[in-house]
Amino acid sequence: MRRFFLPPESMSSDPPVIEGQDARHIGTVLRLVPGDTLVVFDGTGNEYKAQILSLGDHQVRIRLLERLVPHTESPVEITLAQGYLKDKKMDELVRRLTELGVTRWVPFIARRCVAQPDARRSSARYERWHKISLEAVKQCRRSKPLVIESPLSFEQALQQAQSSDLRLFFWETGGEDLAALIKTPAKPMRIFLMVGPEGGFDAVEHDAAEIHGFRTVHLGPRILRAETAALAVSVLAQYLFGDLGQNVLDNP
Ligand code: SAH
């Protein structure tokens, strides 16, 4: 069944109405008719099977039939903090991190950032990222888009990690390997992953992260591009502690 996003306020209106591009898509491309069913979700975890009551060019009125319980959100909260990259790379990361079930995305400015966010365009950039994440949510059947923070300083990003129970700082220069990570005594529920910008982290940043309770981890002998590293560490966290395949820590 096709899935459509409805903002929470539209979901609670009576009857709920799908508008704009989605409404046109339902009528002219999918050629659905009154009585047909579809799925609507509001991005906060609410998801319903719904039936079309009536269709216009710009509006589709629906009736909510039954609440669905989505099983597509990870049991662990994963935050990926990313040293700021060029806009195109950031756009692509938003999509892929959403697909991988990452909960929160925290762009931050590191000392060796090549790209810097343009403050004047911050709301436009946020809108674009949110839209990309919603598109990915529709496609991958998640019920919530990424929570996206506005760009922080490196120190602010470290502060944001304080409520997490596993903090990892990825550094090609040294640190623990993954084998050590698997021996983590308690299963973490809130994981904070920190990946550097194209230029990497410097030693001062590394020291600051360790002071803030981060474990330094390396990902083997090859230097990955920042965006490759971001995807790799999200996959690894989801595999080791989340819902990607068999949970290896539950089945030693
Ligand atoms: N300073 C490097 C490249 C940085 S790669 C250089 O230009 O030589 C960008 C980010 O990806 C790093 O800051 C780190 O967080 C992550 N990364 C890439 N390869 C890694 C590896 N082998 N181990 C751990 N982290 C890695």
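Me: Why is Arg96 called partly exposed?
Reply: In this predicted model, Arg96 has a relative accessibility of 35%, and since buried means under 20% and exposed over 50%, Arg96 counts as partly exposed.

Me: What makes Glu92 and Arg96 a salt bridge?
Reply: Their side chains meet at 2.9 Å, N to O, and because the cut-off is within 4 Å, the pair qualifies as a salt bridge. Both residues lie in helix α3 (residues 87-99), 4 residues apart, which is about one turn of the helix. Glu92, at 32% relative accessibility, is likewise partly exposed.

Me: How do you know that Arg142 is buried?
Reply: The relative accessibility of Arg142 is 3%, and because buried means under 20%, Arg142 counts as buried.

Me: Which residue does Arg142 meet in a salt bridge, and what parts does the pair tie together?
Reply: The side chain of Arg142 meets that of Glu73 at 2.9 Å, N to O. Arg142 lies in the loop between α4 (122-140) and β8 (147-148), while Glu73 lies in the loop between β5 (59-67) and β6 (77-83), so the pair links parts that are 69 residues apart in sequence. Glu73 has 25% relative accessibility and counts as partly exposed.

Me: Why is Asp202 called buried, and why is Arg111 called exposed?
Reply: Asp202 has 12% relative accessibility and counts as buried, because the limit is under 20%, whereas Arg111, with a relative accessible area of 56%, is exposed, because that term requires over 50%. The side chains of Arg111 and Asp202 meet in a salt bridge of 2.7 Å, N to O.

Definitions and conventions
Residues are numbered from 1 along each chain as its sequence is written. This is a predicted model: local features need pLDDT of at least 70, side-chain atom pairs count only at pLDDT 80 or more; totals for chains, interfaces and linings use all residues. Side-chain values use heavy atoms; hydrogens and water are left out. Helices (H or I, at least four residues) and strands (E, at least two) are DSSP runs, numbered from the N terminus. Buried means under 20% relative accessible area, exposed over 50%, partly exposed in between (1.4 Å probe, protein chains only).
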